[in-house]
Amino acid sequence: MSTAMTTTSSGSASPSEPEPDTAPALHRPGVTLLATCLALFLGQVDTTAVNLALPAIRHDLSGGISGLQWVVDAYNVTFAALLLTGGTLGDRFGRRRLFRTGVAVFVLGSTVCALAPGLPVLLAGRVTQGVGSGMMLPQSLAILATAFPGRRERNKAMAAWSIVAGSGLAVGPTLGGLAVQTLGWQSIFWVNVPIGIAALVLTLRHVPESRNPRARTLDPLGQVLAIASLGLLTFVAVQGRELGWTSPATLACIAGCVVGPAAFVAVERRRSDPMLPLDLLRRGQLPVAVIVAACMTFGMYGLFLLTSLMFQQERGASALGAGVAMLPLAVAATVLSPLTGRLVTRYGPRLPMTAGMTAMGTGVLIFAVAGADANLLVLEIAFTVIGIGLALNTGPVVGVAVSAVASELAGLASGIANLARMFGATLGVAVQGSVMAVASAGAASGPHFVHGLRIAVAVGCAVEFLGAAVAFRYVDRLSPPSSG
């Protein structure tokens with residue numbers, strides 16, 4: 001549902017079928033489940049909570065809307081760019097090793113964020129957090145598959161993992177708002193430290209090590225080009241207005257946005273074992289799943305950014321009040337997600353995906369029409385509708401991606417779909433934040449702010465409806481069902 005929901009292995013083997021290099025006696029597999037869920041909870045809560053801290057960060061560290069966009073996207077860009085490589089590193093060098101390293105790096109980044117005296121240091125900490133997530137989160141499901149080799153036990157463990165994913169999203173805004181209001185915005189980063197240390201301690205004895213002897217080779221040049229391409233694209237979307245669209249710096253970055261992806265494609269085509277096998281993106285339903293996944297998170301993450309500012313800067317709500325107001329979205333998504341699998345089994349993925357994207361677009365449309373000064377009940381209805389749509393689409397979009405490839409490539413296909421979600425989230429924050437800054441003339445509140453918010457939210461609405469149209473037109477109604 002959010003950044004941490006993208007925690008599937010992106011290696012060449014399915015995350016549910018890792019090949020352990022050792023066979024340790026697993027006396028307490030439940031501890032393994034707890035350790036991986038703690039790491040998942042870290043990423044999930046941090047992703048949603050940071051939006052509630054943005055007004056306070058802006059007050060303490062200065063910086064306009066572009067600075068706040070970077071607080072969110074510094075993490076998103078780094079995590080998205082490292083997602084596939086993180087899975088490969090775990091397959092090659094040991095998933096437990098990468099998991100522990102990633103948790104430690106994430107804790108380090110959280111500490112840097114909490115101690116940041118200014119915006120540059122905060123952004124460096126967010127990048128460090130993204131690096132940690134890129135290493136730890138792709139390992140979690142593969143580690144669970146090793147710890148729970150029996151199908152029945154494994155399914156129970158995966159169900160618990162999914163519940164943590166949903167609950168992390170659900171409590172993130174509320175916990176974030178409570179922490180910001182009572183202890184200051186730094187507390188949303190400090191809370192990661194004890195949780196991360198607990199996860200590290202639990203991995204010392206009870207998490208099994210595993211690796212894939214047929215893991216893909218590393219692709220350092222492709223990785224560098226991927227980071228550069230996504231980073232430049234985000235930079236243009238966020239900073240282009242302030243630098244001037246025709247300034248030399250902006251034009252150079254735009255050129256990089258063209259050259260970088262072209263070079264990435266050329267490099268990947270020449271490699272026998274590329275980081276991103278481009279032929280997969282032309283295979284069946286996978287490109288459809290990629291587009292729908294990106295559209296889904298484009299609107300959702302942009303809305304998280306905008307509504308946090310709306311509640312606190314325009315409506316005068318506290319950070320806690322804003323978090324509670326956003327809770328219906330997460331609650332609806334968490335409660336209804338288990339029911340989606342039944343719909344997919346009965347009707348195929350096209351109906352729930354189309355309905356889900358339509359619901360998300362409708363909910364965002366309510367925001368665009370009602371405006372920042374609407375009755376709170378109307379906004380709560382909009383959040384609920386968006387949550388329903390998120391529940392309908394989240395599981396099936398990954399199921400469609402996985403169904404497009406052979407079983408031994410399921411982990412990679414899932415990683416690609418999750419990469420698309422992070423790509424959409426990154427662009428959603430960058431584009432919608434910049435649209436609001438332009439349409440509002442930089443106002444932090446008042447009529448200009450309300451006008452800018454409407455326009456920016458309308459952009460997210462259009463993208464959600466685009467995803468609905470793609471799902472309706474191109475998703476195969478009879479595709480193999482997702483587990484939801």
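**View 1. Nonpolar surface patch formed by V171, L175 and L178.** In this predicted model, V171, L175 and L178 make a nonpolar surface patch of about 210 Å². Patch residues have over 30% relative accessible area and no salt bridge, with nonpolar side chains (Val, Leu, Ile, Met, Phe, Trp, Tyr) joined within 5 Å and like charges within 9 Å. A salt bridge is a side-chain nitrogen of Lys or Arg within 4 Å of a carboxyl oxygen of Asp or Glu. Accessible areas follow the Shrake-Rupley method with a 1.4 Å probe, and for residues only the protein chains shown count as cover. L178 belongs to helix 6 (residues 151-183); helices are DSSP runs of H or I with at least four residues, and strands are runs of E with at least two, numbered from the N terminus. With a relative accessible area of 38%, L178 is partly exposed (buried is under 20%, exposed over 50%, partly exposed in between). Residues are numbered from 1 along each chain as its sequence is written. Local features need pLDDT of at least 70 and side-chain atom pairs count only at pLDDT 80 or more, whereas totals for chains, interfaces and linings use all residues; side-chain values use heavy atoms, with hydrogens and water left out.

**View 2. Aromatic pairs, including W185 with F189 and Y301 with F304****.** Rings of Phe, Tyr and Trp (its six-membered ring) pair if their centres lie within 6.5 Å; planes under 30 degrees apart are stacked, over 60 edge-to-face, and the rest tilted. The count by this rule is 6 aromatic pairs. The ring centres of W185 and F189 are 6.3 Å apart with planes at 85°, so this pair is edge-to-face. Both W185 and F189 are buried. Y301 and F304 are also paired edge-to-face, at 5.9 Å centre to centre and 70° between the planes. These two residues are 3 residues apart in helix 11 (residues 286-314), a separation of about one helical turn. Y301 is buried at 3% relative accessibility, and F304 is buried at 5%. Ring pairs also link F311, F367 and F383 into a cluster.

**View 3. Arginines over the rings of F93 and Y474****.** R92 lies over the face of F93, 5.8 Å from the ring centre. The charged end of R473 sits over the ring of Y474, at 4.9 Å from its centre. The criterion is NZ of Lys or CZ of Arg within 6 Å of the ring centre and within 35 degrees of the ring normal.

**View 4. Loop residue A441, with a positive phi****.** Although not a glycine, A441 has a positive phi of about 55°. A441 is in the loop between helix 16 (410-439) and helix 17 (447-474), and is exposed, with a relative accessible area of 66%.

Key:
Buried means under 20% relative accessible area, exposed over 50%, partly exposed in between (1.4 Å probe, protein chains only).
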